[in-house]
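Dear colleague,

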Amino acid sequence: MPEAPWQDDRCIVCAKRRSMTVEHVIPQALGGALCCRFLCKPCNDRLGQIEAALKRDPGVRLSAEAIKHRTPAVWARVSEDQPFVGIGPQGNIPGTFKRGQFKVRAQKSVDGSLIQPTDAARRNLSRMLEHKRLSAAEVAEALARFDEAPEGSRVAIIAGIEIAKWPIEKISPVLAGPRVNPIVPVKIAYEYLALHVGDAILGPALDPIRALLAERQGAGAEFYSLEELRAGHPRPFHGLVIEPDQSHVIVQVRLFGNVAFRVHFINVRLRGATRCAYTHDLVSGEEDLNLA
Ligand SMILES: [Zn+2]
């Protein structure tokens, strides 16, 4: 879907007239696609930093993990730079997911040996061999022993240097990240609401929400509340809903189907609101933006 249309030239968070940047309502790091040019760069950058921690939330990671066979590209995005543990018959080893691959974290093991990714180990071995003033043929032979070493057993490369290749059969996420910062679902809900109400989003009723998003004085928990709805199995979609017929505006934010929040904008009313829903199918990429 192209950018959602936006007419006003004021940033919806700081209300300043600045050049606008494209903002993803649901973070791109989670495969979010709905975007609109309604934030200035300073606000976009600041909120981007707050949002960056969202993909480290254990619930978000578990949900992305559970449906990864159906949404491998989204899973790879969520997993980028995240801690994992590699599991193999020789044991578990910590590492990080980088550019589509699990990278072992270089470290010293309890017996004093070095644990390194295979490619880095080969480079370091090659450097060590060169310092030993071996002939080119001897270096080549030693590196061939490294390349041919079977997985799982110790192989002597030259006197004093042994290696062992550890196979990693699967990786499992390390769920140690921070929980969702409440500002993030509030931001998503606020931006989705803006797509419905246009420049009325800048009205005074939402001032305290903007204060929260801009991290200025005047923000208070009495102006919004957040219900967490963690229920059901993860499913490959993101969804946003404005609930109809409520005494104040309630926006549901649903990530991977089950990491879900009801964001209440207390004191904010939307006259004649009908149910509006946005869905983004993470398998087909199809989006349905209902701006009625
Ligand atoms: Zn701004």
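**Notes on the structure**

Asp-81 counts as exposed, because it has 12 C-beta neighbours inside 10 Å; a residue is called exposed if 12 or fewer other C-beta atoms lie within 10 Å of its own, buried if there are 20 or more, and partly exposed in between, with the C-beta atoms placed from the backbone. Asp-81 sits in the loop between α3 (72-79) and β3 (83-88), where the helix and strand names refer to DSSP runs numbered from the N terminus, a helix being H or I over at least four residues and a strand being E over at least two. The phi of Asp-81 is near 70°, a positive value in a residue other than glycine. For background, most residues other than glycine have a negative phi.

Before going further, please note that this is a predicted model, in which local features need pLDDT of at least 70 and side-chain atom pairs count only at pLDDT 80 or more, while totals for chains, interfaces and linings use all residues. Residues are numbered from 1 along each chain, as its sequence is written.

**The chain as a whole**

The protein chain contains 7 helices and 16 strands. Its radius of gyration is 25 Å, well over the 19 Å that the globule rule gives for 292 residues, so the protein chain is more spread out than a compact globule; the radius is taken over C-alpha atoms, and the rule is 2.2 Å times the number of residues to the power 0.38. Along its principal axes, the C-alpha trace spans about 80 × 40 × 35 Å. Of the 292 residues in the protein chain, 29% are buried.

The domain assignment gives domain 1 (20-62 + 179-289) and domain 2 (83-172), with bounds that come from an automatic or database domain assignment. The C-alpha centres of domain 1 and domain 2 lie 45 Å apart.

**The sheet of four strands**

An open sheet is formed by 4 strands in the order β5-β4-β3-β10, with antiparallel pairing; two strands pair if DSSP finds at least two bridges between them. At the edges stand β5 (101-104) and β10 (170-173), each with a single partner strand, so one side of each is left without a neighbour in the sheet. From one strand to the next, the twist averages 45°, where axes are lines fitted to C-alpha atoms, for helices over the stretch in contact, and angles run from 0 to 180 degrees between N-to-C directions.

Strand β4 (residues 91-98) is joined to β5 by 4 bridges, and the two run antiparallel. Gly-95 has Val-104 in β5 as its bridge partner. In the loop between β4 and β5 lies Arg-99, which has a positive phi of about 40° although it is not a glycine. Arg-99 counts as exposed, because it has 8 C-beta neighbours inside 10 Å.

Strand β8 (residues 154-158) and strand β9 (residues 161-164) run antiparallel and are joined by 4 bridges.

Pro-244 lies in the loop between β12 (237-242) and β13 (249-255). With 12 C-beta neighbours inside 10 Å, Pro-244 counts as exposed, and it touches Ala-273, Thr-274 and Arg-275, not counting residues up to four places away in sequence.

Key
Contact = placed C-beta atoms within 7 Å.
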